[in-house]
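Here is a short report on one protein. Look at the sequence and the structure first, then read on.

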Amino acid sequence: MSTGNKRIKGLSVSRPFYYGSIAYPLNGKKASDADHTHKWTVMVKGLDNEDLSYYIKKVVFKLHETYTNPIRSVEQPPFEVSETGWGEFEIMIKIHFHSIASEKPISLYHHLRLHPYEDDANGQPWPKDKPVMSLLYDELVFNEPTESLYQVFSDHNALSVNLPNRKSIKDSTLPLFSIQLEQEEIERLDNAQQEINSQISSLKQKMASFD
């Protein structure tokens, strides 16, 4: 084994990214197929538009078999595929790393969403031209990375995970993954759990009264 492929024991490096899809209604706009109702893009991207190609070699998207060439291999950023369609389906996303990583590909699964199924954040009906975003935050964890991969991460100042500050996110089309939103989500989950526990306790009391 060469020195560059030697693994660093007891070390772990995580890199944040997000994946998923954005869908736009065609609303009368022409598509290659007359029955297609939406244009959509499925993607794998870095936070704050980070270029992931320094450690990701390619991303393979497996679309529904009804699409021409359903297996799409994207070997340079942006790691995304755009299409039109009318139905929702599961997309397999396989991330391949450069050889210096000596890591097996990672497979992810994403359900393409074309419809909101809900009102907007203000409780109003979903605007017809508003895109439906279904994006998930995740982290790629490299346990005991090779010395070569560690050096690449070091050269790109990527040895730690730093979520962006909400104020620094200026592009409205980017998902709002930030430190503040992470804390707000934790608080919402805690409040929801407390409400559930309260309802369970109330139901138990009601059931006990019938004994």
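The side chain of Arg-15 makes a polar contact with the side chain of Glu-50, at 3.3 Å. A polar contact is a pair of N or O atoms within 3.5 Å; within protein, one must be able to donate a hydrogen and the other to accept it, and residues adjacent in sequence count only if both atoms are side-chain atoms.

This is a predicted model: local features need pLDDT of at least 70, side-chain atom pairs count only at pLDDT 80 or more, and totals for chains, interfaces and linings use all residues. Residues are numbered from 1 along each chain as its sequence is written, and side-chain values use heavy atoms, with hydrogens and water left out.

The protein has 2 helices and 8 strands. Along the sequence they follow the pattern β-β-β-β-β-β-β-β-α-α. Helices (H or I, at least four residues) and strands (E, at least two) are DSSP runs, numbered from the N terminus. Of the 211 residues, 33% count as buried.

Buried means under 20% relative accessible area, exposed over 50%, and partly exposed in between (1.4 Å probe, protein chains only).

Leaving out residues up to four places away in sequence, Arg-15 touches several residues, including Tyr-54, Asp-138 and Phe-153. Contact means heavy atoms within 4.5 Å. On the same terms, Ser-73 touches Lys-58, Val-59 and Val-60. The C-alpha atoms of Ser-73 and Lys-94 are separated by 9.3 Å.
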